[in-house]
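Let's take a friendly walk through a protein structure, stopping at a few spots along the way. Have the sequence and the 3D view open as you read.

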Amino acid sequence: MHLSEILTHLGEERHQYFNAICPPVIQSSNFAFGNFKDFRKAFDDEFHNSIYTRGNNPTVNILRKKLAALEKAEDSLVFASGVAAISAAVMANVKAGDHVLCVNAPYSWTYKLMTNYMPRFNVTNSFFQGNNLDDLKSKIQPNTSVIYLESPNSLLMELQDLEAIARIAKENGIITIIDNSCASPYFQNPIEFGIDIVVHSGTKFINGHSDVVCGVLCGTEAMVRKIFESELMNIGGIISPHDTALIIRGLRTLELRMERSNQSAIKIVEWLEAHPKVEKVYYPFSKNFAQLELAKKQMRGCGGLFSVQFKTDSIENIERFSDAIQRFLLAVSWGGHESLLLPIAAFYNRKGYKDPEAPWNIVRLYIGFEDPDYLIEDLEQAMKLL
Ligand SMILES: *Cc1c(COP(=O)(O)O)cnc(C)c1O
């Protein structure tokens with residue numbers, strides 16, 4: 001289906017609501033039935049019937065259709081956060097005694113899910129090097145039920161070979177899950193390479209305006225139904241109809257936003273790579289990126305998230321640089337209209353915490369929709385302090 005059809009029309013049944021261009025926010029917790037027989041029948045299949053908004057809500061279902069089509073999946077679910085979608089995907093596919101094999105350096109709360117939370121239910125874990133298929137194969141155990149990927153990951157942008165890993169997983173009867181937040185469905189569709197479940201922090205590129213926290217899960221109808229009937233209904237981390245309407249509005253401009261962020265990032269990456277105070281830029285489509293060929297194989301481009309490693313002597317210099325920056329905001333998250341700066345040095349020397357594995361001279365940048373020259377001017381003045 002054409003991307004324009006998905007973003008502008010799919011799932012919208014305007015004749016049902018006064019031919020309104022924008023879908024209504026069906027702000028209702030429950031839905032009434034005309035008679036006893038219909039009421040009773042709806043309970044035979046809650047997956048396909050609006051009974052109660054923890055299960056189905058018509059506003060949310062418009063968004064579900066669009067997200068499934070964007071990921072070339074049969075169906076999707078929307079959650080109150082990316083982490084709710086990630087946890088649901090993992091929990092639905094393990095039982096006590098199972099083992100999860102996870103790529104190194106995933107999103108921080110994914111790491112904690114694997115290492116703190118799941119072990120309480122006797123689900124063990126191992127981590128593998130994302131660029132090393134032999135390492136992956138050697139860590140598969142008879143009880144491995146899930147392989148969890150994040151490609152690119154959201155700091156050093158490391159990739160995994162989706163096609164090869166999906167093949168290995170299928171040979172071993174293992175379910176594959178990928179966090180596709182960083183590429184977005186606009187630039188990468190892992191289901192095309194055989195991955196079973198795609199999850200997103202919809203907070204990032206999918207909503208794209210830094211005003212909603214949300215999660216997305218896409219897969220086959222059977223998988224989505226299984227997760228609907230267990231984790232979605234039982235743990236209940238659902239999105240509200242109001243937030244859903246904001247996400248539908250955000251999605252209208254997915255193509256415009258992704259193209260802008262991508263093109264500005266390419267320009268800024270090239271500028272940084274030519275700067276004497278830059279050691280390295282970590283960006284999948286940089287000519288210096290170790291996995292550039294793999295990026296070209298499985299991604300159509302990349303959004304504006306990347307990291308830069310500076311040539312500088314001290315954490316104090318990174319602090320001075322961060323304080324001098326005016327046009328990037330110092331904040332977590334990414335994927336909205338505004339450009340952001342996340343210095344890894346901020347996580348060094350914290351009482352009671354281990355230092356991060358990533359070097360202190362790495363700064364993550366997110367390029368929003370401002371003019372790239374306006375952003376370069378700001379980097380240029382602040383980098384004098386490095
Ligand atoms: C932000 C983020 C998450 C978590 O999503 P929330 O919507 O904040 O729960 C998961 N994975 C990646 C890569 C992220 O950047």
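## Ground rules and a first stop

Start with how open a residue is to its surroundings: buried means under 20% relative accessible area, exposed means over 50%, and partly exposed is in between, using a 1.4 Å probe and protein chains only. Glu380, at 40% relative accessibility, therefore counts as partly exposed. You'll find Glu380 in helix α14 (residues 372-383). Helices (H or I, at least four residues) and strands (E, at least two) are DSSP runs, numbered from the N terminus. Glu380 and Trp271 sit 109 residues apart in sequence, and their C-alpha atoms are 9.8 Å apart in space.

Keep in mind that this is a predicted model, where local features need pLDDT of at least 70 and side-chain atom pairs count only at pLDDT 80 or more, while totals for chains, interfaces and linings use all residues. Residues are numbered from 1 along each chain as its sequence is written, and side-chain values use heavy atoms, with hydrogens and water left out.

## Helix α11

Now look at α11, which covers residues 254-273. Among the buried residues of α11 are Leu254, Arg257, Met258, Ser261, Ala265, Ile268 and Leu272. An α-helix has 3.6 residues a turn, so residues three or four places apart point the same way.

## A loop residue

Phe285 belongs to the loop between β8 (278-282) and α12 (292-298). With a relative accessible area of 27%, Phe285 is partly exposed. Leaving out residues up to four places away in sequence, its contacts (heavy atoms within 4.5 Å) include Leu292, Ala295, Met299 and Cys302. Phe285 and Glu273 are 12 residues apart along the chain, with 13 Å between their C-alpha atoms.

## Two buried strand residues

Asp75 is part of strand β1 (residues 75-79), and its relative accessibility of 13% is why it counts as buried. Its side chain makes a polar contact with the side chain of Arg64 at 3.2 Å. A polar contact is a pair of N or O atoms within 3.5 Å; within protein, one must be able to donate a hydrogen and the other to accept it, and residues adjacent in sequence count only if both atoms are side-chain atoms.

Ser145 is buried because its relative accessible area is 12%. The Ser145 side chain makes a polar contact with the side chain of Asp98 at 3.1 Å.

## Around the ligand

Which residues come nearest to the ligand? Of the 14 around it, they are Gly82, Asp179, Ser201, Thr203 and Lys204; a residue belongs here if one of its heavy atoms lies within 4 Å. Helix α4 (residues 82-91) gives the largest share of the shell, three residues.

A polar side-chain atom of Asp179 lies 2.6 Å from a nitrogen atom of the ligand. An N or O atom in the Lys204 side chain is 2.7 Å from a ligand oxygen atom, and for the side chain of Trp334 the distance to a ligand oxygen atom is 3.3 Å. On its own the ligand has 380 Å² of accessible area, and the protein covers 91% of that (Shrake-Rupley method, 1.4 Å probe).

How values were computed: Expected span 1.5 Å × (residues − 1).
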